[in-house]
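The following paragraphs lead the reader through a protein model, one part after another. Please keep the structure in view while reading.

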Amino acid sequence: MTIKSSRYTISLIVVLSLIWIGNSGFYNAMLLSFGAVSVLFVVFVAHRLEIVDEESQPLQLGRRIFAFWMWLLKEIVQSNIQVIKRIWLGPKSISPVVMQLKMSQQTDMGKTIYGNSVTLTPGTVTLDIEDDVMTVYALSYDSIQYLQGGEMDRRVKRLED
Amino acid sequence: MAIFLDVVSWALLILGGFMCFSGAVGIHRFPDFFSRMHAAGVTDTLGSSLILIGLMLQTGWQATVLVKLALIFLFILLTSPTASHALAKAALHGGLRPKLGKPEVSDEIPEKFGKPRSESVNNQL
């Protein structure tokens, strides 16, 4: 086991233990030992599956991901208000478009975060990603223009390095 | 203080309920599969988050309940875009095409999704 993979093993043990303790709320020896056995078993299975790596646990994102989440929550609230307005105004207020947009992310993780963020904000859905082009379906042309403005793209790109 | 928390929490719960209701109305009002997915997205994101935050204020700061509600919140935000994307992709593979408001400004759907079904070829809204 190299140093790199033991870092991900330790973080997996810490995360799983926190989930167990946070959900159980009992601190007697019997239940805590059950927790330890479960955590070790899951870590063993994860190693057998070879999913203990930077893809399942993007530790390199560090604290930056929290700042991104805060910003994304603000965007989600704003676009929700737009969509709710359109729902109550009726089908005449929407004018759906499909557009292909360039994305600047290099890594699979960056592309996934960007694609999922676009889908999570109501009003835009990622239909497909191929190489560095993504196909987006939007309820109106405004949301496409907002994505073309590239603020979300830049913020996800910054998470990568 | 308890009354203040109650008022805030009920305001959040009612607002969240209204969001979920709007999402449901949108599913009925919007014209095709793809636009209905957006209406469902309102329920997924703002509706569920407001209700969960409202419920968190009702727990009396019990750590285990707060952790569970926070985990539910996190899992909804991580899984719902994945599900939406899978739904949209499956619909495209099945030959369904979105009805477009302005076909002249839209790009083509990639060819790998195959031929559209005959009833969705004329896709003007």
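Two strands are said to pair if DSSP finds at least two bridges between them. With this term in hand, one may turn to the model, which is predicted. In chain A, Ala138 of strand S3(A) is the bridge partner of A:Val97. Strands S1(A) and S3(A) are joined by six bridges and run antiparallel.

What is the order of the strands in the open sheet of chain A? The sheet has three strands, placed in the order S1-S3-S2, and the pairing is antiparallel. S1 and S2 of chain A are the edge strands, each of which pairs on one side only. Neighbouring strands of the sheet are turned against each other by 25 degrees on average, if direction is ignored.

The other pairing in this sheet links S2(A) and S3(A), which are antiparallel over six bridges. Within it, A:Asp128 stands opposite A:Thr135, a residue of S3(A). S2(A) and S3(A) form a hairpin with two residues between the strands, and in this hairpin A:Asp131 takes a positive phi near 50 degrees. As background to any such sheet, side chains in a regular strand alternate between the two faces of the sheet.

Helices accompany the sheet. Helix H5 of chain A, residues 141-149, lies across S1, S2 and S3 of chain A and runs at about 0 degrees to S1(A). A helix of the other chain also packs on the sheet: helix H3 of chain B, residues 63-93, touches S2 and S3 of chain A. The direction of H3(B) makes about 70 degrees with that of S2(A).

The helix H3(B) has a further partner in chain A. H4(A) and H3(B) pack with their axes 9 Å apart, at an angle of about 85 degrees. Angles of 65 to 115 degrees count as roughly perpendicular, and therefore H4(A) is roughly perpendicular to H3(B). Which residues make this contact? From H4(A) come A:Asn116, A:Thr119 and A:Leu120, while H3(B) provides B:Leu77, B:Pro81, B:Thr82, B:Ser84 and B:His85. By type, the residues of this contact are three nonpolar and five polar, with no charged residue.

The view may now be widened to the whole contact between the chains. Chain A contributes 33 residues and chain B contributes 38 residues. On the side of chain A that touches chain B, at least two residues each are supplied by helix H1 (3-24), helix H3 (64-89), strand S1 (97-102), helix H4 (108-120), strand S2 (124-130) and strand S3 (133-138) of chain A. Which of these elements gives the most to that side? H3(A) does, with seven residues. The residues on this side of chain A comprise 19 nonpolar, twelve polar and two charged.

Chain B also contains a pair of helices that pack on each other. The axes of helix H1 of chain B (residues 2-29) and helix H2 of chain B (residues 33-57) come within 8 Å and cross at roughly 165 degrees. Angles over 145 degrees count as roughly antiparallel, so H1(B) is roughly antiparallel to H2(B). The two helices H1(B) and H2(B) make a left-handed crossing. Their contact is built from 16 nonpolar residues, eight polar and one charged.

Finally, chain A may be considered by its domains. It is divided into domain 1, residues 3-49, and domain 2, residues 62-160. The C-alpha centres of these two domains of chain A lie 35 Å apart.

Conventions
Residues numbered from 1 in each chain as written. Chains lettered and ligands numbered in written order. Predicted model: local features only at pLDDT ≥ 70, side-chain atom pairs only at ≥ 80, totals over all residues. Contact = placed C-beta atoms within 7 Å. Helix = DSSP H or I, 4+ residues; strand = E, 2+ residues; numbered from the N terminus. Nonpolar A, V, L, I, M, F, W, Y, C, P; charged D, E, K, R; others polar. Domains from an automatic or database assignment. Axes fitted to C-alpha atoms, helices over the stretch in contact; angles between N-to-C directions. Parallel < 35°, antiparallel > 145°, perpendicular 65-115°, else oblique. Left-handed = near helix turned anticlockwise from the far one by under 90°.
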